[in-house]
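Reader: I would like to go through this model and the terms used for it. Please set each value against its cut-off.

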Amino acid sequence: MDFTPSTIEIHGKTYITDSWTNVPSSILPLLSRRLHLQPSHPVSLTRELIERRFPLPTYIHHNDLSPVVSVAQNFDSLGFPADHPGRNRSDTYYVNRNTVLRTHTSAHEADIFRQNASEGYTISADVYRRDAVDRSHYPVFHQMEGARMWDRRKVPGGDIAKAVWADHTEMPKHELEVEDPNPTFHPKRNPLQAEHHSVDEVEAVAAHLKRSLENVVVELFSKAGAAAALANGPNALHHEDTLKVRWVEAYFPFTSPSWELEVFWQGDWLEILGCGVTKQDLYINAGIPNHIGWAFGLGLERVAMLLFSIPDIRLFWSRDERFLSQFTSIKNINPYKSFSRHPACYKDVAFWLRSSCSSAGGGLRSNAQDFHENDVMEIVRDLGGDLVEDVRLVDEFQHPGSGRKSLCYRINYRSLERTLRNEEVNEMHEHVRGQLVEKLGVELR
């Protein structure tokens, strides 16, 4: 079928669409919401709390960057291989072949490194990914990343380690209980970049990074812990008795050595963020090869859900004052109080995948080999929006004779704000069934 070129407008700018375009109409209205900048919104409050630990002028806060970026910015500048799954239309929203809705805040990293306007920065922004439909995933969410750098040409005597340790001594101290059992680097598990960094430099940068992020935990969870203790009454365990963190070795493509930071919160160890010593290639490619530093990244919704005890990611997008009025300022971090609980309505849809096809996933008609579950999720989300709580694969079967594959998904229709009528759920579900046939070429069972 011939593709008819058209246009799409985002933030007042018009883009030419092509055969790669897969941004659905349900996503476009969300581009202007920018929850991380809405006063008194829990996502924005979380951002503000974290930014308090990265003060001006050392750190510049970038909070108003366009969500439309080039493929080069989103993938190429960070060294994503050509065959990386993140580049697939099944995972990423393409405005056109050369332009995407950013999938991470790191899409702006090379540009900010290249500007070299400050020793550190944070980026907070809305990011977009085709993903599962459940209470912890949403096609739009908000990330925050930060970085700190030192320039060998500017530190006294060119001694990076000495300069970093000097900055470290000026940082606030804390009384967290910290578990950090592993060495700063390990030649196999967590290597340093020996061709670029000395042992002393990595030890210093890692110490500065860890102290910086431990202080973020203090900022976030001391307030939340106090509020939770107050809400749970005099028998609750005092928040200072449970506020502890641990460092876990990790792998990330943009840092080495790398770590995840976990916090012990309400009886469980929970991963909060990832971080590490920035890969030197990123500095070299940005034209600042004499720099060395660290970087971190986290999901603002994930942290906000922990801080405010918010059980469903859809709530962040609610305009209901019963939700929004519960949050006022960073001085009051109070647990969310549920204002309603409406009944679920489960509907199953089962279908056979096509036995042959030549197209790939990402919104095109698919066979068993190139079918992608995110295509199902996108159809359900586009039609049901926030009236769908989750979608789960509950059964799969392969016919022993024909080899055809059958899948059955269970869709949970449940509004956060009202009881759904059977008639509207049935109508919505029939539309889902129809779109699965039209867009994916499946055969309903």
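Reader: Which residues of H1 meet which residues of H7?

Author: This is a predicted model. From H1, Pro42, Val43, Leu45, Thr46, Arg47, Leu49 and Ile50 take part. Their partners in H7 are Leu300, Glu301, Val303, Ala304, Leu307 and Phe308. Contact here requires heavy atoms within 4.5 Å.

Reader: How do the residues of the contact of H1 with H7 divide into nonpolar, polar and charged?

Author: Ten are nonpolar, one is polar and two are charged. Arg counts as charged, and Arg47 is among the H1 residues.

Reader: Where does Asp312 lie, and why is Asp312 called buried?

Author: Asp312 lies in the loop between helix H7 (300–308) and helix H8 (321–324). Its relative accessibility is 2%. Buried means under 20%. Asp312 therefore counts as buried.

Reader: What makes the pairing of Asp312 with Arg314 a polar contact?

Author: The Asp312 side chain reaches the backbone nitrogen of Arg314 at 2.9 Å. The cut-off for such a pair of N or O atoms is within 3.5 Å. Leaving aside neighbours within four places in sequence, Asp312 is also in contact with Arg135, Met305, Glu389 and Leu416.

Reader: What does Phe339 touch?

Author: Phe339 is found in the loop between H8 and strand S14 (345–352). Residues up to four places away in sequence are not counted; Phe339 then touches Leu315, Asp320, Arg322, Phe323, Gln326 and Leu416. Leu416 is also on the contact list of Asp312.

Reader: How do you know that the chain is as compact as a globular protein of that length?

Author: The chain holds ten helices and 17 strands. Its radius of gyration is 24 Å. The globule rule gives 22 Å for 445 residues. The two values are close, so the chain is as compact as a globular protein of that length. Along the principal axes, the C-alpha atoms fill a box of roughly 70 × 55 × 50 Å.

Reader: How much of the chain counts as buried?

Author: The share is 52% of the 445 residues. As for contacts with a separation of 6 or more, 68% come from residues 24 or more positions apart.

Notes: Residues are numbered from 1 along each chain as its sequence is written. This is a predicted model: local features need pLDDT of at least 70, side-chain atom pairs count only at pLDDT 80 or more; totals for chains, interfaces and linings use all residues. Side-chain values use heavy atoms; hydrogens and water are left out. Helices (H or I, at least four residues) and strands (E, at least two) are DSSP runs, numbered from the N terminus. Buried means under 20% relative accessible area, exposed over 50%, partly exposed in between (1.4 Å probe, protein chains only). A polar contact is a pair of N or O atoms within 3.5 Å; within protein, one must be able to donate a hydrogen and the other to accept it, and residues adjacent in sequence count only if both atoms are side-chain atoms. The radius of gyration is taken over C-alpha atoms; the globule rule is 2.2 Å times the number of residues to the power 0.38.
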